[in-house]
Amino acid sequence: VSTQSFFFFFFFFFFSPAMEPTTGNNRLLEQVDRISKDMGIGATQAGDPGSRGAGDISYIARYVDCIDGLGASGKGAHAPGETIHLKEFPTLIKRAAILIYRLTQSEK
């Protein structure tokens, strides 16, 4: 492991903020949950902010309604040997498209 890689990991792991729950973010989660149930794929719940990975969106989550974690699952994130469940993509793409559609149709 290079010094640069170690520094990046250390900084990202220890100094990246967790995405804190907000009222607006929870409203988005409710919409994703409703869509997931409508599609028959089950409920969608927020993960514990202290135990999930840091994402770039965490830096703006307190200023704008946003949601993270809509992508495919896998193991070994951002490391050699990382895997991803590609068979999830059709369902996740459909869910994201429905979410975008419903957001564009909702009253402001």
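Biologist: Why does Tyr 59 count as partly exposed?

Modeller: This is a predicted model, and the values are computed from it. The relative accessibility of Tyr 59 is 43%. Buried requires under 20% and exposed requires over 50%, so Tyr 59, at 43%, counts as partly exposed.

Biologist: Why is Met 19 called buried?

Modeller: The relative accessible area of Met 19 is 9%. Because buried means under 20%, Met 19 is buried. Met 19 lies in the loop between helix 1 (3-15) and helix 2. Met 19 and Ala 61 are separated by 42 residues in sequence, with their C-alpha atoms 6.2 Å apart in space.

Biologist: How do you know that the span of helix 3 agrees with its number of residues?

Modeller: Helix 3 (residues 89-105) has 17 residues, and at 1.5 Å a residue these should span 24 Å. The end C-alpha atoms of helix 3 are 24 Å apart, which agrees.

Biologist: What makes the buried residues of helix 3 line one face?

Modeller: The buried residues in helix 3 are Leu 92, Arg 95 and Leu 99. Viewed down the axis of helix 3, the buried residues fall within an arc of 60°, so they line one face of the helix. In general, an α-helix has 3.6 residues a turn, so residues three or four places apart point the same way. The buried residues of helix 3 pack against helix 2. On the other side of helix 3, the exposed residues are Pro 90, Ile 93, Ile 100, Tyr 101 and Thr 104.

Biologist: How many salt bridges are there, and what makes Arg 27 and Asp 65 such a pair?

Modeller: The count comes to 3 salt bridges. In the pair of Arg 27 and Asp 65, the closest N and O atoms are 3.8 Å apart. The cut-off is within 4 Å, so this pair forms a salt bridge. Arg 27 lies in helix 2 and Asp 65 in the loop between helix 2 and strand 1, so the pair ties together parts that are 38 residues apart in sequence. Arg 27, at 46% relative accessibility, counts as partly exposed, as does Asp 65 at 44%.

Biologist: Why are Lys 37 and Asp 33 said to be separated by about one helical turn?

Modeller: Lys 37 and Asp 33 are 4 residues apart in helix 2, and therefore about one helical turn separates them. Their side chains meet in a salt bridge of 3.0 Å, N to O. Asp 33 is buried, with a relative accessible area of 15%, whereas Lys 37 is partly exposed, at 49%.

Biologist: Why does Asp 38 count as exposed?

Modeller: Exposed means over 50%, and Asp 38 has 52% relative accessibility, so Asp 38 counts as exposed. Asp 38 forms a salt bridge with Arg 102, in which the closest N and O atoms are 3.1 Å apart. This pair links distant parts of the chain, with Asp 38 in helix 2 and Arg 102 in helix 3, 64 residues apart. Arg 102 has a relative accessible area of 32% and is partly exposed.

Definitions and conventions. Residues numbered from 1 in each chain as written. Predicted model: local features only at pLDDT ≥ 70, side-chain atom pairs only at ≥ 80, totals over all residues. Heavy atoms only, no water. Buried < 20%, exposed > 50% of the residue type's maximum accessible area, 1.4 Å probe, protein only. Helix = DSSP H or I, 4+ residues; strand = E, 2+ residues; numbered from the N terminus. Expected span 1.5 Å × (residues − 1). Arc of directions from axis to C-beta. Contact = heavy atoms within 4.5 Å.
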